[in-house]
Amino acid sequence: MFKAQLNKLKEQVTNTELSAGFNQLSTLTLDVIKNINQGDLPRWQQAYENLPNLTTELIDLRADAITVSGSCNDNQKQQLLTSLETLIPWRKGPFSLFDVEIDAEWRSDMKWQRLLDSLPDLTYKTVLDVGCGNGYYLLKMAAYQPQVLLGIEPGILQHVQFWAVQKYAQTMATMLPLKIQQVPKSFPYFDVVFSMGVLYHRKSPIEHIEHLKGLLKPKGELILETLVVEGDAQTCLVPGQRYAQMRNVWFLPSVEMLSQWLDRLGFKHTTVIDESYTTLTEQRATDWMRFHSLAEFLNKDQSKTIEGHPPPRRVIIRCQK
């Protein structure tokens, strides 16, 4: 399936500027595939192979849940449910596949709604989503008919979840198992780049933003979503070993400091689309993600993380190269 994604992407990039960089992406991806060391992959692939062949009658990418519906008898529905449950945990969603409701840990539709009114024009554009998870946002973007729609994501389970949804949704979205660190720093082939929930995981956040800039065409647009703290241009939280139980959180700047970083790196027309705290409605444990979630990461009155840091607050910024 990884190679099928490459073939699909190759078809999309024909007659686009990204065709000049396709061979690099292909080589990188084939190298990653050869070295995948994920013991659960055969089980996940079998779950994908066991998905029933169903006839899709309706696809709704604009509803809160990515929705695919059609004829599905009781035996097929049980087969579908069993395969999808094998792919637990589902972190992003929701999805509704032939009345099987996947209530993921994150109500990702809530973030999408906060972004929607300021979404760049994606029609016939070349679009990249960095750290795209299981492709929930890619599927949302597919409704706007970009010319090329690519997500990169190192997590292998997320790819199999994406394949499972795509078996029925059949959108033009593609995913490759790459980290952004593996993509050349000068790769200016995208009209729009999304980086949502990645920046705070990078040890060098300014270097990450500069890398994102290197992926954009001239006047290309960046959607950047990340954790922040309240404060002025001098405010930045550097957590200790953990932040909300996450080990790999390095820098949480204020919005003013983050905007200053973008300005120093040459971005223009920086606009704060949204700034809001993450609630227990938006992130929580469910039957489809049975581990600890936000409720266990905050203190009793939800005023701080359990480590004593400010609670999760996120910003969405739009800016232009």
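Predicted model: local features only at pLDDT ≥ 70, side-chain atom pairs only at ≥ 80, totals over all residues.
I counted 38 residues in its lining, with K92, G197, Y200, H201 and N248 nearest the centre. Here a pocket is an open set of points on a 1 Å grid over the protein atoms alone, where a 1.4 Å probe fits, with protein on both sides within 12 Å along at least five of seven lines; lining residues have an atom within 4 Å of a point.

I noted the ground rules. Residues are numbered from 1 along each chain as its sequence is written. Local features need pLDDT of at least 70, side-chain atom pairs count only at pLDDT 80 or more, totals for chains, interfaces and linings use all residues, and side-chain values use heavy atoms, without hydrogens and water.

Next I looked up the volume, the space filled by probe spheres set on the points. The largest pocket holds about 1100 Å³.

I sorted its lining by class: 18 nonpolar, twelve polar and eight charged residues. Asp, Glu, Lys and Arg count as charged; Ala, Val, Leu, Ile, Met, Phe, Trp, Tyr, Cys and Pro as nonpolar; the others, Gly among them, as polar.

Then I turned to strand β10, residues 190–196. Strands are DSSP E runs of at least two residues, and helices are H or I runs of at least four, numbered from the N terminus.

Technical notes. Buried < 20%, exposed > 50% of the residue type's maximum accessible area, 1.4 Å probe, protein only.
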